[in-house]
Amino acid sequence: MTDIIQKYFNDKLTADDFVERNIFYPPADLNNIVAVEKLLDIKFPQDYKDFLTISNGYNGMLGQSYVRLTKVEEIVENTNGYCKEFFPWTIHIGTDGGGEMYVLDIREKKIKYGAMPYIGEDKDFILLGDTFEEFARHLYYNDYWDK
């Protein structure tokens, strides 16, 4: 996991960037992760849990994309507030700070990472990968809009 963080999350930002720095938070407590999994009745992908145990959320740039990944303690509230009514097959894990949320697609046994507009339809889901690294790579290169 640290190689993924080094590769995609640690770009050097310049004075011209609108974000002063990338913010990594203290690691999530494993008990909190398990409690959220129980409340949502799912098992997070192991690579996502690995990320949370290094940084409980994130706020900053991944290459060309602004990314705010949700702290584990906020996932249930955000999922209930933004996903439950219209997209019950998603778990809210972050946002681009604008009109898109980053979600876990739980429709199949293999959970997938994706982007979804806050106001949209199921067909607007954009797959960003089967792994946390694929998810980070698509955000880093901002190459998923053509899909």
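Student: Hi! Starting with Ser65, which residues does it touch, not counting residues up to four places away in sequence?
Tutor: On that count, Ser65 touches Gly60, Leu139 and Asn142. Keep in mind that this is a predicted model.

Student: Where does Ser65 lie?
Tutor: Ser65 is part of strand β3.

Student: And is Ser65 buried or exposed?
Tutor: Ser65 counts as buried, because its relative accessibility is 5%, and the cut-off for buried is under 20%.

Student: What does the side chain of Ser65 reach?
Tutor: The backbone oxygen of Leu139, at 2.5 Å. Leu139 is itself among the buried residues of helix α5 (residues 132-141).

Student: Which others are buried residues of helix α5?
Tutor: Besides Leu139, they are Phe132, Phe135, Ala136, His138 and Tyr140. Just after α5 comes Asn142, with a positive phi of about 50°. Asn142 is also one of the residues that Ser65 touches.

Student: Back to β3. How many strands form the sheet, and in what order?
Tutor: There are seven, in the order β1-β2-β3-β4-β5-β6-β7. The sheet is open and the pairing is antiparallel. At the edges are β1 (23-24) and β7 (126-129), each of which pairs on one side only.

Student: What holds paired strands together in general?
Tutor: Backbone hydrogen bonds: strands of a sheet pair through them, in either a parallel or an antiparallel way.

Student: How many bridges do β3 and β4 pair over?
Tutor: Two, with β3 covering residues 65-69 and β4 covering residues 90-95. Arg68 stands opposite Thr95 in β4. Helix α4 (residues 72-82) packs on the sheet, where it touches β4 and β5 (100-105). The direction of α4 makes about 110° with that of β4.

Student: New topic: rings. How many aromatic pairs are there?
Tutor: The structure holds 17 aromatic pairs. Tyr82 and Tyr118 form an edge-to-face one, at 5.0 Å centre to centre with 75° between the planes. Tyr82 belongs to helix α4 and Tyr118 to the loop between β6 (112-117) and β7, so this pair ties together parts 36 residues apart in sequence.

Student: What are the accessibilities of Tyr82 and Tyr118?
Tutor: Tyr82 has a relative accessible area of 42% and is partly exposed. Tyr118 is at 24% relative accessibility and counts as partly exposed too.

Student: How far apart are the ring centres of Phe132 and Phe135?
Tutor: They are 5.8 Å apart, and the planes are at 50°, so the pair is tilted. Phe132 and Phe135 are three residues apart in helix α5, so about one helical turn separates them. Phe132 and Phe135 are both buried.

Student: Which residues do ring pairs link into a cluster?
Tutor: Phe132 and Phe135 are in it, along with Phe9, Phe24, Phe44, Tyr48, Phe51, Tyr58, Tyr102 and Tyr113.

Student: Which ring has the charged end of Arg107 over it at 3.6 Å from its centre?
Tutor: The ring of Trp89. That charged end of Arg107 also sits over the ring of Phe125, 5.6 Å from its centre.

Student: Last one: where is Lys7 placed, and what does it touch?
Tutor: Lys7 is in helix α1 (residues 2-9). Not counting residues up to four places away in sequence, Lys7 touches Glu133 and Tyr140. Lys7 counts as partly exposed, at 49% relative accessibility.

Key
Residues numbered from 1 in each chain as written. Predicted model: local features only at pLDDT ≥ 70, side-chain atom pairs only at ≥ 80, totals over all residues. Heavy atoms only, no water. Pairing = 2+ DSSP bridges. Helix = DSSP H or I, 4+ residues; strand = E, 2+ residues; numbered from the N terminus. Contact = heavy atoms within 4.5 Å. Axes fitted to C-alpha atoms, helices over the stretch in contact; angles between N-to-C directions. Buried < 20%, exposed > 50% of the residue type's maximum accessible area, 1.4 Å probe, protein only. Phe/Tyr/Trp six-rings, centres within 6.5 Å; stacked < 30°, edge-to-face > 60°. Lys NZ or Arg CZ within 6 Å of the ring centre and 35° of its normal. Polar contact = N/O pair within 3.5 Å; in protein donor to acceptor, adjacent residues only side chain to side chain.
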